[in-house]
Amino acid sequence: MVVQAKTVAGGASARTLDNQIARAGTEPSETGVVVVGAGFSGTIAAIQLRRHLPVTQNVYLTERSGSFARGVAFAHTTTAHLLNVRAANMSAFADDPGHFERWLGTQGAQFPEEQLRTAAGTFATRRLYGKYLEATLHSEIAVSGGKVELLTEEVLALEAPLEAGEDGHLLRCRGGRTIAAQAVVLATGNLPAHRPCDDVEFHDPWTPKALTGLDPHAPVIIVGTGLTMVDLVLALHTQGFRGPIIALSRRGLVPQPHEAVGPSWPAPVFSDAASGSVLRLMQAIRAELRAAAAQNIGWRAVIDSLRPLTAKLWRGLPAAERARFLRHIRPYWDIHRHRTAPPAAELLNRLRANGTLRIIRGRVAEVRRGPGLAEVIYNECPAGVGKSLAAQRVIYATGLQGVRDSGGLVAALLASGQARLDGQGLGLDVTQTLGVIDSHGKTARNLWALGPIVRGVFWECLAVPDIRLQADQLARELALAMAEEAAAF
Ligand SMILES: Cc1cc2nc3c(=O)[nH]c(=O)nc-3n(C[C@H](O)[C@H](O)[C@H](O)COP(=O)(O)OP(=O)(O)OC[C@H]3O[C@@H](n4cnc5c(N)ncnc54)[C@H](O)[C@@H]3O)c2cc1C
């Protein structure tokens with residue numbers, strides 16, 4: 001679908017026409033809200049916006065890849081990677097927790113091999129979840145009578161409307177098109193757009209090329225031992241790779257598996273003193289763990305009990321304490337908080353037991369390149385002894401990076417001062433109601449953001465159960481702001 005009424009091929013010479021079309025499109029009943037990025041965050045934000053805005057309001061969902069309702073996590077891949085969250089907790093809607101499970105039982109039933117029932121619950125594949133998201137989006141498009149429209153476009157920059165006093169944004173797209181929008185929602189994820197890859201070193205672990213053209217018996221090195229490493233190992237194994245896999249990280253910590261759901265643990269109440277210091281918080285959490293253990297309740301229930309508190313606790317930490325958490329605690333937090341599906345954990349254990357997979361504690365010092373070969377020089381942790389390993393390929397699975405060097409729209413917004421980094425440089429700074437904050441510390445008008453791109457502000461907004469809440473909140477706030485503006489006008 002194409003938004004003829006609001007877009008125009010252009011460049012500088014088409015600016016007058018842009019202006020006319022943009023003007024024609026700024027009637028509240030005509031123009032819409034534009035969501036940039038159609039991964040999980042953008043897709044659910046578009047659906048929630050459609051539900052909260054007046055029925056006449058169009059919502060446009062733009063996606064540069066042309067693949068809507070997928071994103072990196074739920075892309076259509078050849079490998080049946082499993083979700084790392086139980087199906088019971090993967091509904092796209094917080095107010096309808098059974099939505100995904102019902103879909104699995106109806107449309108999803110034709111893919112029984114994509115749903116694994118384990119003692120810890122049902123785990124669907126990520127590509128099946130992508131189908132669910134697509135189906136959910138298309139159902140909303142149908143119900144709304146086409147008021148959600150899909151645009152295959154990469155948005156490069158946001159410009160102010162050409163006429164003084166006008167609200168909204170003009171979105172400049174890579175192909176030269178301009179889109180007029182009353183409000184813009186950024187849902188671009190926080191993976192850098194351009195990550196260097198060649199035949200030997202792959203900084204983008206998600207590109208299919210990272211695992212193609214391999215000698216099935218020569219070593220592969222993965223830098224990082226988190227969930228991305230787990231995915232890569234499973235994909236290598238599934239495609240018949242039988243050579244040594246060496247995964248390297250400073251602490252060598254590997255994500256813990258899910259277990260059968262047991263009794264829950266009540267959310268703790270932390271004192272003000274504990275809330276302001278990472279050290280005291282860790283002491284308080286250890287006390288909770290001991291108290292739970294005394295009642296035969298495991299650590300998983302305690303970690304899960306922290307989930308509704310995490311954003312508030314993160315917000316309460318001074319910047320230096322957040323930095324301390326990122327430096328020292330994050331690896332331990334991540335492996336307990338973000339767990340693997342049991343079948344993935346079992347395969348990993350088997351490959352470790354038979355020596356195919358080695359987890360090494362080390363910090364990469366240098367990668368020396370030869371033809372079709374890399375020598376990774378690393379310092380063993382904690383001893384610091386220098387060692388080296390040779391491999392046909394080195395894949396970096398070091399997790400989410402800050403957006404500073406992400407390129408594209410986010411870099412343009414930061415460079416122009418329309419947005420600023422959060423205190424840790426992990427993503428964009430936003431208000432508690434998800435309004436983007438500019439370089440002067442002011443809340444930008446009609447510009448919003450959600451999902452991992454705002455993780456520096458909320459910390460706990462990476463996974464579906466958290467992003468769906470944000471999407472609902474954002475849609476309510478945006479609808480309210482637009483209604484207030486319309487009333488003031
Ligand atoms: C591999 C992986 C597995 C995961 N597994 C789970 C899981 O099992 N359960 C769970 O709850 N969570 C999981 N997560 C976490 C969570 O689901 C993701 O963080 C979430 O899907 C992020 O969605 P997003 O839309 O914000 O970002 P992305 O998925 O990165 O999507 C952003 C989209 O924006 C597009 N885009 C970017 N810039 C532009 C632009 N300028 N113009 C147009 N389009 C643009 C991109 O092409 C992309 O499609 C996983 C994450 C990853 C990476």
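This is a predicted model: local features need pLDDT of at least 70, side-chain atom pairs count only at pLDDT 80 or more; totals for chains, interfaces and linings use all residues.
Which side chain does E321 join in a polar contact of 2.3 Å? The partner is the side chain of R324.

**The ligand and its surroundings**
- The ligand is surrounded by 31 residues, and the closest are S41, E63, N84, V155 and L462.
- By type, the shell around the ligand splits into 19 nonpolar, 7 polar and 5 charged residues.
- Two helices, α2 (40–52) and α14 (464–488), each contribute at least two residues to this shell.
- Of the elements involved, α14 gives the most to the shell, with 3 residues.

**Polar atoms facing the ligand**
- E63 places a polar side-chain atom 2.6 Å from an oxygen atom of the ligand.
- V464 has a backbone N or O atom 2.9 Å from an oxygen atom of the ligand.
- For F40, a polar backbone atom is 3.2 Å from an oxygen atom of the ligand.
- On its own the ligand would expose 980 Å², and the protein buries 89% of that area.

**H258, a loop residue**
- You will find H258 in the loop between β13 (245–249) and α6 (272–275).
- The H258 side chain reaches the backbone oxygen of N84 at 2.7 Å, and N84 is itself among the closest residues to the ligand.
- Leaving aside residues up to four places away in sequence, H258 touches N84, V85, R86, A120, F123, R300, R339, T340, A341 and P342.

**E321, a helix residue**
- E321 sits in helix α10, which covers residues 319–337.
- With a relative accessibility of 12%, E321 is buried, because that value is under 20%.
- Besides its 2.3 Å side-chain contact with R324, E321 touches G276, S277, V278 and L279, again not counting residues up to four places away in sequence.

**Domain layout**
- The domain assignment divides the protein chain into domain 1 (4–191 + 402–488), domain 2 (201–256 + 340–396) and domain 3 (272–336).
- Taken over C-alpha atoms, the centres of domain 2 and domain 3 are 29 Å apart.
- Where these two meet, 6 residues of domain 2 are in contact with 8 residues of domain 3.

Technical notes:
Residues are numbered from 1 along each chain as its sequence is written. Side-chain values use heavy atoms; hydrogens and water are left out. A residue is near a molecule or strand if one of its heavy atoms lies within 4 Å of it. A polar contact is a pair of N or O atoms within 3.5 Å; within protein, one must be able to donate a hydrogen and the other to accept it, and residues adjacent in sequence count only if both atoms are side-chain atoms. Accessible areas come from the Shrake-Rupley method with a 1.4 Å probe; for residues, only the protein chains shown count as cover. Helices (H or I, at least four residues) and strands (E, at least two) are DSSP runs, numbered from the N terminus. Ala, Val, Leu, Ile, Met, Phe, Trp, Tyr, Cys and Pro count as nonpolar, Asp, Glu, Lys and Arg as charged, and the others, Gly among them, as polar. Contact means heavy atoms within 4.5 Å. Domain bounds come from an automatic or database domain assignment. Buried means under 20% relative accessible area, exposed over 50%, partly exposed in between (1.4 Å probe, protein chains only).
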